[in-house]
Amino acid sequence: MTDTTIAPEIAGYKPGTYVLDPAHSEVHFSVRHMMISKVRGKFGVKSATLYAPENPLETRVEASVDVTSVDTNDEGRDGHLRSADFFDVENHPTMEFRSTGVRLEKGEFLVDGDLTIRGVTKPVTFDFDFGGFGADPYGNYKAGATAKAVVNREDFGLTWNAALETGGVLVGKDVTIELDLQGALQA
C-alpha cells in the first residue's frame, strides 16, 4: 500500500533545491552481450535538479544525460552506440528524465517518471535510495542518492541486433540503469 500523505522521516533532510555536482555523479548501465556476459558502461550527467519540498513524497527531479559521452572502454563499440543504429547522438545528444511522482512502498522509495531516449518517451520507475545529507568541509550542504531501473531498450527505438550462430542475439533487450548522484543545496 502507498501512502503519499504522511511525510517520512529522513535523517538530515533539508527542503530546497539541490543542483547536481557532476564531479560526484555518474550514470552506469549494463546489458547482456552474446547472452553469456554483460557489457557495462557509463555516461556523463549533463544536469540534474532535485526539488525537495517539506514532504519528501512531493519531490520532483529533472535530469539530462550526455549520451555523446557513452563509455564502455571500447572506442569501436562506443562509436557504434553513438551511431543511428543505437542512440543517434547527432539527432538526440541527450537522454532526459522528468519525475511524475514519488511513492513509498514497503519502506522503499520509488520515483516514477518519463524517460526520453532517442526522442521516444516512456514511463519508468526507479528504485530510489537517499544516501544521506550533510555539510562538506567547505560549508556546502549536500544530498546523495542512488537509483536503479531496468528498461527494454527496444521500447526506445534501440532495436539494432545481430543473430548468433549458436542461437540468440548479440545484445540483450533489458538494460539496467544505475545512478550515483550528489547535489548541493542552493542558497
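Trainee: Where is Asp88 found?

Mentor: In this predicted model, Asp88 is found in the loop between H1 and E5, and its phi is near 50°, a positive value in a residue other than glycine.

Trainee: How do you know whether Val70 is buried or exposed, and what is it in contact with?

Mentor: Val70, which lies in strand E4 (residues 60–71), has a relative accessible area of 1%; the limit for buried is under 20%, and therefore Val70 is buried. Leaving aside neighbours within four places in sequence, the contacts of Val70 are Phe29, Lys42, Phe43, Asp78, Leu81 and Arg82.

Trainee: Lys42 is in that list, so what makes its pairing with Glu26 a salt bridge?

Mentor: The N to O distance between the side chains of Lys42 and Glu26 is 3.5 Å, and a salt bridge requires a side-chain nitrogen of Lys or Arg within 4 Å of a carboxyl oxygen of Asp or Glu, so this pair qualifies. It links distant parts of the chain, with Lys42 in strand E3 and Glu26 in strand E2, 16 residues apart.

Trainee: Why are Lys42 and Glu26 called partly exposed?

Mentor: Partly exposed lies between the limit for buried, under 20%, and the limit for exposed, over 50%. Lys42 has 33% relative accessibility and Glu26 has 30%, so each of them counts as partly exposed.

Trainee: How do you know that Lys142 and Asp136 form a salt bridge, and are these residues buried or exposed?

Mentor: The closest N and O atoms of Lys142 and Asp136 are 3.8 Å apart, and because the cut-off is within 4 Å, the pair is a salt bridge. A search of the whole structure finds eight salt bridges.

Trainee: What makes Phe97 and Phe126 an aromatic pair, and which kind of pair is it?

Mentor: The structure holds ten aromatic pairs. In the one formed by Phe97 and Phe126, the rings are 5.3 Å apart, centre to centre, with 85° between the planes; since centres must lie within 6.5 Å and planes over 60 degrees apart count as edge-to-face, the pair is edge-to-face. Phe97 is in strand E5 (residues 94–105) and Phe126 in strand E7 (residues 120–135), 29 residues apart, and both are buried.

Trainee: Why is the pair of Phe109 and Phe130 called edge-to-face?

Mentor: Their ring centres are 5.2 Å apart and their planes stand at 85°, which is over 60 degrees, so the pair is edge-to-face. Phe109 belongs to strand E6 (residues 108–117) and Phe130 to strand E7, 21 residues apart. Ring pairs also link Phe109 and Phe130 into a cluster with Tyr13, Tyr18, Phe128 and Phe133.

Trainee: Which residues have the most contacts inside the largest nonpolar core?

Mentor: That core has 47 residues, and those with the most contacts inside it are Phe43, Phe87, Leu115, Phe126, Phe133 and Ile177.

How values were computed
Residues are numbered from 1 along each chain as its sequence is written. This is a predicted model: local features need pLDDT of at least 70, side-chain atom pairs count only at pLDDT 80 or more; totals for chains, interfaces and linings use all residues. Side-chain values use heavy atoms; hydrogens and water are left out. Helices (H or I, at least four residues) and strands (E, at least two) are DSSP runs, numbered from the N terminus. Buried means under 20% relative accessible area, exposed over 50%, partly exposed in between (1.4 Å probe, protein chains only). Contact means heavy atoms within 4.5 Å. A nonpolar core is a set of buried Ala, Val, Leu, Ile, Met, Phe, Trp, Tyr and Cys residues joined through side-chain atoms within 4.5 Å. Rings of Phe, Tyr and Trp (its six-membered ring) pair if their centres lie within 6.5 Å; planes under 30 degrees apart count as stacked, over 60 as edge-to-face and the rest as tilted.
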